[in-house]
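Please load the model in your viewer and keep the selection panel within reach. We will go from stop to stop, with a few words on what to pick at each.

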Amino acid sequence: MFIFIAVNSVTLLGRVGADPQRRGNDDHPVVMFSLATHSNYKYDSGDWMQKTDWHRVVVFKPGLRDSVMSYLKKGQRTMVTGKITYGEITDQEGKQRGTTSIIADDVIFLQNQ
């Protein structure tokens, strides 16, 4: 007998790439924003490099959605906890492409320094 337990949890600390945007409609509103995270690594030559990853964050929770729209701004440091989701969207040319998003359970607003 096998028991499989799946855990889908992510915590990201980064900077907001652009002011949050309200999407969807009155029946199904959603707020989205981009978050940049950085990784530093060292080459064998001793030179340091920084890699930036961009994440699409999606907020469905009503209270959290309103707070993000009111208080989160471009460049602000924030911590997001949530889960990863995968899907497909159709671009403007009609082509299907895969997407990865973070569905936010919590967004912590940090002071800029």
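Select Met-69 to begin: this residue is found in helix α1, residues 62-71. Helices here are DSSP runs of H or I with at least four residues, strands are runs of E with at least two, and both are numbered from the N terminus. The model is a predicted one, in which local features need pLDDT of at least 70, side-chain atom pairs count only at pLDDT 80 or more, and totals for chains, interfaces and linings use all residues. Residues are numbered from 1 along each chain as its sequence is written, and side-chain values use heavy atoms, with hydrogens and water left out.

Now show what surrounds Met-69: setting aside neighbours within four places in sequence, Met-69 is in contact with Pro-20, Gln-21, Arg-22 and Val-31. Contact means heavy atoms within 4.5 Å.

Next, pick Tyr-41 in strand β3, which covers residues 29-42. Tyr-41 is partly exposed, at 34% relative accessibility. Which residues does Tyr-41 contact, leaving aside neighbours within four places in sequence? They are Asp-47, Trp-48, Met-49 and Lys-51.

A salt bridge here is a side-chain nitrogen of Lys or Arg within 4 Å of a carboxyl oxygen of Asp or Glu. Lys-51 is partly exposed at 41% relative accessible area, and Asp-53 is partly exposed at 27%. The structure holds two salt bridges. For the other, select Lys-95 and Glu-93, whose closest N and O atoms are 3.9 Å apart. Both Lys-95 and Glu-93 are exposed.

Met-1, Ile-3, Ile-5 and Val-7 make a nonpolar surface patch of about 600 Å². Patches are made of residues with over 30% relative accessible area and no salt bridge, joining like charges within 9 Å and nonpolar side chains (Val, Leu, Ile, Met, Phe, Trp, Tyr) within 5 Å. Val-7 lies in the segment before β1 (10-16), and Val-7 is exposed, with a relative accessible area of 70%.

Finally, zoom out to the whole chain. The protein has one helix and six strands, in the order β-β-β-β-α-β-β along the sequence. Its C-alpha trace spans about 55 × 50 × 40 Å along the principal axes. Buried residues make up 27% of the 113 residues. Of the contacts with a separation of 6 or more, 57% are between residues 24 or more positions apart. Colour by pLDDT, the predictor's confidence in each residue from 0 to 100: the average is 91, and 98% of the residues score at least 70.

Definitions and conventions
Areas by Shrake-Rupley, 256 points an atom, 1.4 Å probe, with all protein chains shown as cover. Buried < 20%, exposed > 50% of the residue type's maximum accessible area, 1.4 Å probe, protein only.
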